[in-house]
Amino acid sequence: MRNIMFCSVGRRGELMKIFRKEFEDKGTVVAVDNSNVAPALYIAEKQYIVPKINDKRYIPIILEICNKEKISAITTLIDPEISILAKNKQKFLNNNVMFLGSSYEVSELCFDKYKTYQFLKENGFNYVKTYDSIEKFKLAYNSEEIEFPVFIKPINGSGSVGIKKINTFNELINFTEHENNFIIQEFMDGTEYDADVYVDMISGKLVSVFTKKKLSTRIGGADKTISYKDNKLFELIDNLVQKLGLIGPADIDFFEKNGEYYISEINPRFGGAYIHAYACGVNFPKLILNNIKGISNNRLIGNFEENVVMMMYDSIIVKKANDLI
């Protein structure tokens with residue numbers, strides 16, 4: 001049996017359903033979270049309540065659960081935890097657990113939005129202009145390199161939380177007087193795209209990509225998307241994966257403006273809208289099962305139908321209070 005653990009599952013119930021279906025008779029899906037009212041817990045086959053990710057007991061307890069449940073692979077669904085698991089990758093390997101994610105260095109680079117910008121700039125990718133201080137922004141603004149409106153976002157932000165559109169210099173000054181952990185980015189009014197990516201854990205090669213155009217977004221990501229193909233975008237993703245050293249599942253955001261793609265964010269984890277990819281036949285759980293077995297996957301890029309629309313809607317889990325874990 002090949003059992004898999006998802007950490008910090010939160011609301012990601014549909015993803016738990018997908019993995020339960022694909023791992024049926026092959027392994028168990030185990031979910032952990034620090035809250036006993038995280039709905040996705042109750043869709044997994046087994047569930048555990050654990051401390052918060054910054055608690056010193058967190059990793060030892062996760063390792064205990066891995067040993068108890070004979071876990072073969074582990075991943076997380078929130079950005080702040082990726083680096084924590086990556087930093088402890090060897091401890092998981094010592095317990096025969098594969099960490100489905102990139103290295104600690106890559107995870108840290110992706111989590112820090114300014115470091116991401118620097119990497120993209122240094123490696124010749126189109127990027128969204130980004131500044132990590134009001135002083136740098138002033139120089140660019142006075143040189144007419146950037147204009148209003150702009151976006152302010154946390155330098156280590158996650159799930160679109162804390163993003164604010166700024167329309168004037170006075171508004172920017174007032175905001176930054178009370179904040180010191182932010183970046184300023186140019187306002188991109190082009191079309192937004194998103195890519196679900198899987199880089200093989202055995203070969204280290206890009207083996208699967210699903211791309212989609214965002215039709216509507218809410219806090220946490222896109223909630224209405226339409227499948228989309230462009231070889232130019234596939235080639236860009238392949239180049240990015242190689243230069244950055246991504247591995248495992250990843251979610252990458254792009255803007256398209258005047259026929260060019262600009263990389264916005266890189267999240268080395270399952271994207272919130274991966275369920276669209278799965279509905280179109282892009283099966284990451286199958287690829288993960290192969291990797292757990294030590295089998296590398298064949299490259300299959302763009303093997304999905306275009307113009308298939310995904311529309312998310314809310315659902316619920318109802319439990320008696322006495323039945324909560």
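This is a predicted model: local features need pLDDT of at least 70, side-chain atom pairs count only at pLDDT 80 or more; totals for chains, interfaces and linings use all residues.
Local features here need pLDDT of at least 70, side-chain atom pairs count only at pLDDT 80 or more, and totals for chains, interfaces and linings use all residues. Residues are numbered from 1 along each chain as its sequence is written, and side-chain values use heavy atoms, with hydrogens and water left out.

Me: What makes the end-to-end distance of helix α9 agree with its 14 residues?
Reply: The expected span is 1.5 Å times one less than the number of residues. For residues 231-244 that should be 20 Å, and the end C-alpha atoms are 20 Å apart, so the two agree. Helices are DSSP runs (H or I, at least four residues), numbered from the N terminus.

Me: Why is Cys-110 called buried?
Reply: Buried means under 20% relative accessible area, exposed over 50%, and partly exposed in between (1.4 Å probe, protein chains only). Cys-110 has 3%, so it is buried. Cys-7, at 0%, also counts as buried.

Me: What makes α1 oblique to α11?
Reply: The axes of α1 (residues 13-23) and α11 (residues 284-292) cross at roughly 55° and come within 10 Å. That angle makes α1 oblique to α11. Angles under 35 degrees count as roughly parallel, over 145 as roughly antiparallel, 65 to 115 as roughly perpendicular and the rest as oblique.

How values were computed:
Helices (H or I, at least four residues) and strands (E, at least two) are DSSP runs, numbered from the N terminus. Axes are lines fitted to C-alpha atoms, for helices over the stretch in contact, and angles run from 0 to 180 degrees between N-to-C directions.
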